[in-house]
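Open your viewer and get ready to select residues by number. Follow the stops below in order.

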Amino acid sequence: KDLASGTLGGLAQVVAGHPFDTVKTKLQVQTAQNAKYTGMIQCFRKVMAEEGFTGLYRGALSPIAGAMAHNANVFFSYSLAKKVVGSIHHRDHTDLTIAQLFAAGSMAGAVISVVETPVDLFKIKLQRQGLHGPYTGSFDCARQVFNAHGVRGC
């Protein structure tokens, strides 16, 4: 149940939010000397005009897979961490103190960061390149980064 809920939530999150994230990324990576965009709306319109609707979702495969895995992992890890913390303190996992819930959340967050960090890296690299760049997609980006830098590059 936790895995299914997290997976569907992750998918919905990216479908709704990725165009905004693409616009944000394009605005962040431009330089003051070569500013291509003047604001969010103008950036959105320019991406639509130059790259089409799919330009707003460039690099979305990585975050879709990542968000589905991330959210499923969030729900599952937090549930499991609450059980671990509860067993350590001889309490039911549904009756933990705020400090114990914080500990469980911290444990889950540590696990989740292992998935989230590389996914975010691949997404940003693809968003930044636009139509023409060294990567043909999420998996190609992951392969190239891994080949060039190993696990530490991810």
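**Stop one: a cysteine and its surroundings**

Select Cys141. Leaving aside neighbours within four places in sequence, Cys141 is in contact (heavy atoms within 4.5 Å) with Phe122, Lys125, Leu126 and Tyr135. This is a predicted model: local features need pLDDT of at least 70, side-chain atom pairs count only at pLDDT 80 or more, and totals for chains, interfaces and linings use all residues. Residues are numbered from 1 along each chain as its sequence is written, and side-chain values use heavy atoms, with hydrogens and water left out.

Buried means under 20% relative accessible area, exposed over 50% (1.4 Å probe, protein chains only). Helices here are DSSP runs (H or I, at least four residues), numbered from the N terminus.

**Stop three: helix H2**

Select residues 40–51. Which residues of H2 are buried? Cys43, Val47 and Glu51 are. They lie on the same side of H2, because they cover an arc of only 35° around the axis (taken from the directions from the helix axis to the C-beta atoms). H2's buried residues pack against helix H1 (2–29) and helix H3 (53–56). Turn to the face away from the buried side: Ile41, Arg45 and Ala49 are exposed there. Just after H2, Gly52 takes a positive phi of about 80°.

How values were computed:
Helices (H or I, at least four residues) and strands (E, at least two) are DSSP runs, numbered from the N terminus.
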